Amino acid sequence: MKKLSSLLLVLIVAMGSLVTLSSFTASPEYFEGKWAVTVYDTPQGTATIPMRFETKDGKTMGYFVEDPSGTEKEMSSVTITDDVLTAYFNITGYDVYISLKKVDEESASGSLMDMFVTEAKKVK
């Protein structure tokens, strides 16, 4: 009986761990839609970049708005590996990349060029 109790305890802990880990897993569907991505403390100050991600036929694409015209520009590439979205694009003449990881259902955080802290909020 003691072995059965120990086995049940181990199973319960394992299942709890899986539920906890899955709540922080970010699939391509998590990143789909519009985001307001704020990049802090750049040489030009803090900036918010509107971004949008979509997945078609298993490929994630990204778009961003660089100027007040509201015209979207396509990102060079977008990948999602180990729950981190990494997107490459050219903005104001600079080739940059941004990494975002899920924080909760409405926000993500990461960095631009591994130098500038970023926070992203889903736009409804």
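Guide: Strand 1 and strand 9 pair in the antiparallel sense over five bridges. This is a predicted model.

Visitor: What makes strand 1 and strand 9 a pair?

Guide: The rule asks for at least two bridges between two strands. Strand 1 and strand 9 have five bridges, so they count as paired. One place to look is V39, whose bridge partner in strand 9 is T118.

Visitor: How do you know that strand 1 also pairs with strand 2?

Guide: Apply the cut-off of at least two bridges again. Eight bridges join strand 1 to strand 2, and the two run antiparallel. V37, for instance, has I49 of strand 2 as its bridge partner. The two strands form a hairpin, with two residues between them.

Visitor: How many helices and strands does the protein have?

Guide: Two helices and nine strands. Read from the N terminus, the order is α-α-β-β-β-β-β-β-β-β-β.

Visitor: What makes up the largest nonpolar core?

Guide: The core holds 22 residues. W35, M51, F53, M75, F89 and I98 have the most contacts inside it. Several elements supply at least two residues each, among them helix 2 (28-31), strand 1 (33-42) and strand 2 (45-56). Strand 6 gives the most, with four residues.

Visitor: Which residues does F53 touch, beyond those up to four places away in sequence?

Guide: The list is F31, E32, G33, W35, M61, G62, M75, V78, L85 and A87. Each has heavy atoms within 4.5 Å of F53, the cut-off for a contact.

Visitor: Why are F64 and F89 called buried?

Guide: Buried means under 20% relative accessible area. F64 is at 1%, so F64 counts as buried. F89 is at 2%, so F89 counts as buried too. Across the protein, buried residues make up 31% of the 124 residues.

Visitor: How many aromatic pairs are there in the whole structure?

Guide: A search finds five. F64 and F89 form one that is tilted, with 4.8 Å from centre to centre and 45° between the planes. F64 lies in strand 3 (residues 59-65) and F89 in strand 6, so this pair ties together parts 25 residues apart in sequence.

Visitor: Why is the pair of Y88 and Y97 called tilted?

Guide: Two values matter, because a ring pair is described by the distance of the centres and the angle of the planes. The centres of Y88 and Y97 are 5.4 Å apart, and the cut-off for a pair is within 6.5 Å. Their planes stand at 40°. Stacked needs under 30 degrees and edge-to-face needs over 60, so this pair is tilted.

Visitor: Is Y88 buried, exposed or partly exposed, and how do you know?

Guide: The relative accessible area of Y88 is 38%. Buried would need under 20%, and exposed over 50%. Y88 is therefore partly exposed.

Visitor: What links Y30, F31 and W35?

Guide: Ring pairs link them into a cluster.

Visitor: Why is T92 called exposed?

Guide: Exposed means over 50%. T92 is at 55% relative accessibility, so T92 counts as exposed. T92 lies in the loop between strand 6 and strand 7. It has a positive phi of about 45°, although it is not a glycine.

Visitor: Where is D83, and is D83 buried or partly exposed?

Guide: D83 lies in the loop between strand 5 (77-81) and strand 6. Its relative accessible area is 23%, so D83 is partly exposed. D83 also has a positive phi, about 70°, although it is not a glycine.

How values were computed. Residues numbered from 1 in each chain as written. Predicted model: local features only at pLDDT ≥ 70, side-chain atom pairs only at ≥ 80, totals over all residues. Heavy atoms only, no water. Core = buried A, V, L, I, M, F, W, Y, C linked by side-chain atoms within 4.5 Å. Buried < 20%, exposed > 50% of the residue type's maximum accessible area, 1.4 Å probe, protein only. Phe/Tyr/Trp six-rings, centres within 6.5 Å; stacked < 30°, edge-to-face > 60°.
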